[in-house]
Amino acid sequence: MNYISKMNQAFVEMNQNAFQIVTVQLLTLDPPEVAEAYKRLIELGYPKRIANELLVELVLSEITYCAKNKTSASKYRFLKSLHTLPYLPYKKEKPKNQPQ
């Protein structure tokens with residue numbers, strides 16, 4: 001397996017792990033702010049799939065931030081970012097798939 005294939009496989013696994021993290025957070029209500037953000041996105045008109053994808057993308061952004069800055073995950077930073085959804089902390093443009 002060449003290095004591009006390995007990177008692609010790592011990316012797929014990271015996405016699967018982030019999806020699993022969000023699923024557990026929603027099921028266990030830990031932290032409860034994740035379920036609150038999900039509900040808020042649904043109330044804003046986002047389909048459930050897109051609301052879930054935004055939460056997954058937020059988890060991935062926290063992981064990326066930590067790797068880039070060689071720091072640990074921050075509950076404060078993560079919870080603060082939940083309140084900005086559907087806007088993601090690292091993106092300046094409007095979110096994709098914005099409801100009409």
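This is a predicted model: local features need pLDDT of at least 70, side-chain atom pairs count only at pLDDT 80 or more; totals for chains, interfaces and linings use all residues.
Residues are numbered from 1 along each chain as its sequence is written, and side-chain values use heavy atoms, with hydrogens and water left out.

**The helices**

Let us begin with the helices, which are DSSP runs of H or I with at least four residues, numbered from the N terminus (strands would be runs of E with at least two). Helix α1 has 26 residues and reaches 37 Å from its first C-alpha to its last, close to the 38 Å expected at 1.5 Å a residue. That expected span is 1.5 Å times one less than the number of residues in the helix. For α2, the 12 residues should span 16 Å at 1.5 Å a residue, and the end C-alpha atoms are 17 Å apart, which agrees.

In α1, the residues Ala18, Val22 and Gln25 are buried. Here buried means under 20% relative accessible area, exposed means over 50%, and partly exposed is in between, with a 1.4 Å probe and protein chains only. The cover over the buried residues of α1 includes α2, α3 and α4; it is judged by contact, meaning heavy atoms within 4.5 Å.

Which residues of α2 are buried? They are Val34, Ala35, Ala37 and Leu41. These residues cover an arc of only 160° around the axis, which puts them on the same side of α2. The arc is that of the directions from the helix axis to the C-beta atoms. An α-helix has 3.6 residues a turn, so residues three or four places apart point the same way. Among the elements that cover the buried residues of α2 are α1 (3–28), α3 and α4. The face of α2 turned away from this buried side carries the exposed residues Lys39 and Glu43. Glu43 has 60% relative accessibility and therefore counts as exposed.

**Loops and backbone details**

The loop between α1 and α2 holds both Leu29 and Pro31. Asp30 and Pro31 are joined by a cis peptide bond. After α2 comes Gly45, with a positive phi. Tyr46 lies in the loop between α2 (32–43) and α3, and it is buried, with a relative accessible area of 4%. Tyr46 and Leu26 are 20 residues apart along the chain, and their C-alpha atoms are separated by 17 Å. Further along, Lys70 is found in the loop between α3 and α4, where it counts as exposed because its relative accessibility is 78%.

| Residue or bond | Angle | Value |
|---|---|---|
| Leu29 | phi | near 55° |
| Asp30 to Pro31 | omega | about 0° |
| Gly45 | phi | near 105° |
| Lys70 | phi | near 50° |

Leu29 has its positive phi as a residue other than glycine, and Lys70 is likewise a residue other than glycine with a positive value.

**The largest pocket**

How much space lies in the largest pocket? About 230 Å³ lies there. On a 1 Å grid over the protein atoms alone, a pocket is an open set of points with protein on both sides within 12 Å along at least five of seven lines, whereas a cavity is a set of points where a 1.4 Å probe fits but cannot get out; lining residues have an atom within 4 Å of a point. Grid points are joined across faces, edges and corners, and the volume is the space filled by probe spheres set on the points.

Helices α3 (48–69) and α4 (75–82) each supply at least two residues of the lining, and the largest share, 7 residues, comes from α3. The lining includes Leu58, Tyr65, Arg77, Phe78 and Tyr90. By class, it has 5 nonpolar, 4 polar and 3 charged residues. Nonpolar covers Ala, Val, Leu, Ile, Met, Phe, Trp, Tyr, Cys and Pro, charged covers Asp, Glu, Lys and Arg, and the others, Gly among them, count as polar.

Glu62 is one of the lining residues and is found in helix α3. Buried or exposed, how does Glu62 count? Glu62 is buried, with a relative accessible area of 9%. Leaving out residues up to four places away in sequence, Glu62 touches Ala73, Ser74, Arg77 and Phe78.
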